Amino acid sequence: MKDMPAALSVPAMAPEEGAVLPPLPRDYSGVNWRGLQTLYVREVRRFIKVGMQTLAAPVVTALLYMLVFVVAVGGGREVHGVPYGAFVAPGLVMMQILSNAFANSSSSLLQAKFNGLMGDFITPPLSPFEHLVGFGAGAATRGLFVGAISFVAVVFFAHIHSVAQPWAILYFGVGAAMIMGFLGIMAGLWSEKFDHMAAVTNFVIMPMTFLSGTFYLIEKLPEPFRSFSKFNPIFYLIDGFRYGFIGQAEGNLAVGAGLTAGLVLILGFVCYRMFETGYKIKT
């Protein structure tokens, strides 16, 4: 069939006056600050809304640990020249930061999958970087918030009267919250059911946390467990965080600081690529 002559082609119809047209997509030349703020506030309100579960329960857990390890086990002994309670308390606070930052981002994404709400995240004009920042910052906020409350609760039993290096507390605390927030994003996107998430928590996160020198010096461990502990990144997070309180470190602080920054960048990039490619988001 020959092409239709130009004279017989149908001209484009102009929209009638008063016609309702679909809205044009919003164009953002930079960061969608309003959308990013909305996502972040959503993640924060999630854990505040169930405060008894997300805020009060971790504090009770930290106090129980202090009761068992300091009162019943520690007695009046000292570690690194400080009371055992002052040695254990920073590790307990870091445990709450790690577990709660991971739980916030992972549960948010997994619940969205089961409730069919993933479209609420991919429909708005948010870039992969904005998704990364929104979920990551929300998780870090919960981890640091719970950590601060836990510290206030246990400080009366820990005999911590001063802070040796505030920069270390801030650096390793924020770094740990971001690392576990990114890991939570990865686990939430990868998991297809709650059993997968439970496997990550029980067989990866919890063992690495408890075998990181939270309640003891790793130099007391027999080989090869002592050497294996030096390859546990959570050991360096807890050791650096504890150094900020008592001024004593068991590991190499430079290695710990570099490892923390490196993990934040690497895990952040992995999460960015997962959002960019739509990994298990659109399927």
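Helices (H or I, at least four residues) and strands (E, at least two) are DSSP runs, numbered from the N terminus. With that in hand, note that you are looking at a predicted model, where local features need pLDDT of at least 70, side-chain atom pairs count only at pLDDT 80 or more, and totals for chains, interfaces and linings use all residues. Residues are numbered from 1 along each chain as its sequence is written, and side-chain values use heavy atoms, with hydrogens and water left out.

**The whole chain**

Start with a cartoon view. Of the 283 residues in the chain, 42% are buried; buried means under 20% relative accessible area, exposed over 50%, and partly exposed in between (1.4 Å probe, protein chains only). Now think about contacts, meaning heavy atoms within 4.5 Å. Among those in the chain with a separation of 6 or more, 82% join residues 24 or more positions apart.

**The core**

Next, select Met66, Phe87, Met94, Ile185 and Phe241. In the largest nonpolar core, which has 61 residues, these touch the most other members. A nonpolar core here is a set of buried Ala, Val, Leu, Ile, Met, Phe, Trp, Tyr and Cys residues joined through side-chain atoms within 4.5 Å. Colour the helices α2 (51–74), α3 (84–114), α5 (128–158), α6 (166–190), α7 (194–210), α9 (233–246) and α10 (253–277): each gives at least two residues to this core. Which helix supplies the largest share of this core? That is α3, with 16 residues.

Zoom in on Ile185. Leaving out residues up to four places away in sequence, Ile185 touches Ser105, Leu109, Leu132, Phe135, Gly136, Cys271 and Phe275.

**α5 against α6**

Hide everything but α5 and α6. Their axes are 8 Å apart, and the helices pack at an angle of about 125°. (Axes are lines fitted to C-alpha atoms, for helices over the stretch in contact, and angles run from 0 to 180 degrees between N-to-C directions.) The pair is therefore oblique; angles under 35 degrees count as roughly parallel, over 145 as roughly antiparallel, 65 to 115 as roughly perpendicular and the rest as oblique. The crossing of α5 and α6 is right-handed. A crossing is left-handed if the near helix is turned anticlockwise from the far one by less than a right angle, and right-handed if clockwise.

Show side chains at the contact. From α5 come Leu132, Phe135, Gly136, Ala139, Ala140 and Leu144, and from α6 come Gly173, Val174, Ala177, Met178, Gly181, Phe182 and Ile185. By class, the residues of this contact are 10 nonpolar, 3 polar and no charged. For that count, Ala, Val, Leu, Ile, Met, Phe, Trp, Tyr, Cys and Pro are nonpolar, Asp, Glu, Lys and Arg are charged, and the others, Gly among them, are polar.

**α7 against α9**

The crossing of α7 and α9 is right-handed. Pick out Ile205, Met208 and Thr209 in α7, which meet Pro233, Ile234 and Ile238 in α9. That contact has 5 nonpolar residues, 1 polar and no charged.

Stay on Thr209, in helix α7. Is Thr209 buried or exposed? Thr209 counts as buried, at 4% relative accessibility. Beyond four places in sequence, Thr209 touches Met95, Leu98, Thr214, Ile234 and Ile238.

Pro207 also sits in α7. Pro207 is partly exposed, with a relative accessible area of 30%, and contacts Thr201 and Asn202 once neighbours within four places in sequence are set aside.

**A threonine in α10**

Jump to Thr260, in helix α10. Thr260 is buried at 3% relative accessibility. Select Tyr171, Phe172, Gly175, Ile179 and Leu237 to see what Thr260 touches, not counting residues up to four places away in sequence.

**Two backbone stops**

Most residues other than glycine have a negative phi, and most peptide bonds are trans. Now look at the peptide bond from Glu223 to Pro224: this one is cis, with omega near 10°. Pro224 lies in the loop between α7 and α8 (225–229).

Finish at Lys280, in the segment after α10. Lys280 is not a glycine, yet has a positive phi of about 55°. Lys280 counts as partly exposed, at 22% relative accessibility.
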